[in-house]
Structure formats: structure tokens, C-alpha cells
Amino acid sequence: MSGYRFVNHAAGPAGMTLCGRARAGVQVVVPGSDMEVTCKTCERAQVAAQGLEYIRNAYGVPATVGRRVEFDGRPGVITGGRSGRLVVLLDGDEAAGNYHPIWHMCYLKRGGEVH
Ligand SMILES: [Zn+2]
């Protein structure tokens with residue numbers, strides 16, 4: 001008709017999609033099927049999660065989206081992983097940058113102490 005297509009979301013944790021919608025009422029890609037994730041937000045989240053999984057395995061660090069870190073004493077938050085580099089938004093910066101996962105990088109626990 002008008003070219004409308006369903007947006008396919010990626011499944012996230014606990015009944016949510018990766019982009020934060022409730023899974024009820026939206027189309028979610030079934031793992032192992034040939035459906036493609038077409039939600040851009042879900043796609044980005046998936047790529048970021050895969051990038052971080054690689055970094056966790058390669059460096060043995062607790063890199064996850066939303067994890068607080070300190071680069072050279074500057075606090076920030078992990079927003080993703082790309083090509084073996086952490087994508088970190090340092091507090092006060094307007095844009096995220098790429099950082100080496102272990103070079104001058106500290107991973108903070110919830111209470112703020114260093115990993
Ligand atoms: Zn989505």
C-alpha cells in the first residue's frame with residue numbers, strides 16, 4: 001500500500017527490546033530465523049554489545065554499556081565498543097571517543113572503587 005513495513009526489533013533483557021520498548025506489541029527478531037533487525041536503535045545496541053563482548057574476551061575487562069570508567073583520571077561512561085576500542089563518553093565531553101580498553105583505563109564498580 002504505502003510502503004509501510006514492520007520494524008523488527010532485537011530482543012533485549014526481561015521482555016524488553018534492545019532499544020528499550022516492551023516486547024509486547026512490537027515485532028521482535030527470532031534468533032536463528034532469517035528475519036533482519038531493522039530498528040536502527042536496536043541495530044546500534046547490538047553492534048555495541050558485540051564490540052564489547054570482543055573486548056571483554058580479548059582483555060578480560062568488565063566492559064559493558066553503561067559501565068563507569070576513568071580514563072587518565074577523568075570519569076566517563078562506556079557507550080559501546082568498536083573495532084577493539086571502547087567508545088566512552090567522558091563527563092563534560094560532548095561526543096564519545098574511542099579509547100584503548102586497558103591503556104590508562106580504570107573500570108569502576110557501582111560504589112566508585114576501582115576494579
Ligand atoms: Zn528497536
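**Ground rules.** I number residues from 1 along each chain as its sequence is written. Because the model is predicted, I take local features at pLDDT of at least 70 and side-chain atom pairs at pLDDT 80 or more, while totals for chains, interfaces and linings use all residues.

**Entry 1: the sheet.** I looked up the strand order first. Helices (H or I, at least four residues) and strands (E, at least two) are DSSP runs, numbered from the N terminus. Two strands pair if DSSP finds at least two bridges between them. I found an open sheet of five strands, in the order 6-5-4-3-7, with antiparallel pairing. Strand 6 (97–99) and strand 7 (105–107) are the edge strands, and each pairs on one side only. From one strand to the next, the twist averages 45 degrees. Here axes are lines fitted to C-alpha atoms, for helices over the stretch in contact, and angles run from 0 to 180 degrees between N-to-C directions.

**Entry 2: strands 4 and 5.** How many bridges pair strand 4 with strand 5? I count six, between residues 74–82 and residues 85–90. Glycine 81 stands opposite leucine 86, and glycine 80 has valine 87 as its bridge partner. Two residues sit between the strands in this hairpin, where serine 83 takes a positive phi near 50 degrees.

**Entry 3: strand 3.** Strand 3 (residues 68–71) joins strand 4 by four bridges. Three bridges join strand 3 to strand 7. I checked phenylalanine 71: it stands opposite arginine 74 in strand 4, and its bridge partner in strand 7 is methionine 105.

**Entry 4: strand 6.** Three bridges pair strand 5 with strand 6. Leucine 86 has tyrosine 99 as its bridge partner there. This hairpin has six residues between its strands, and glycine 92 in the turn has a positive phi of about 95 degrees.

**Entry 5: helix and cores.** Helix 1 (residues 40–59) lies across strand 4 and strand 5, at about 105 degrees to strand 4. A nonpolar core is a set of buried Ala, Val, Leu, Ile, Met, Phe, Trp, Tyr and Cys residues joined through C-beta atoms within 7 Å. Buried means 20 or more other C-beta atoms within 10 Å of a residue's own, exposed means 12 or fewer, and partly exposed lies in between; C-beta atoms are placed from the backbone. The largest core has eight residues, including Leu52, Ile55, Ile78 and Leu86. Helix 1 and strand 5 are the elements that give two or more residues to this core. Another core, of five residues, lies apart from it; Leu18 and Cys39 are among them.

How values were computed: Contact = placed C-beta atoms within 7 Å.
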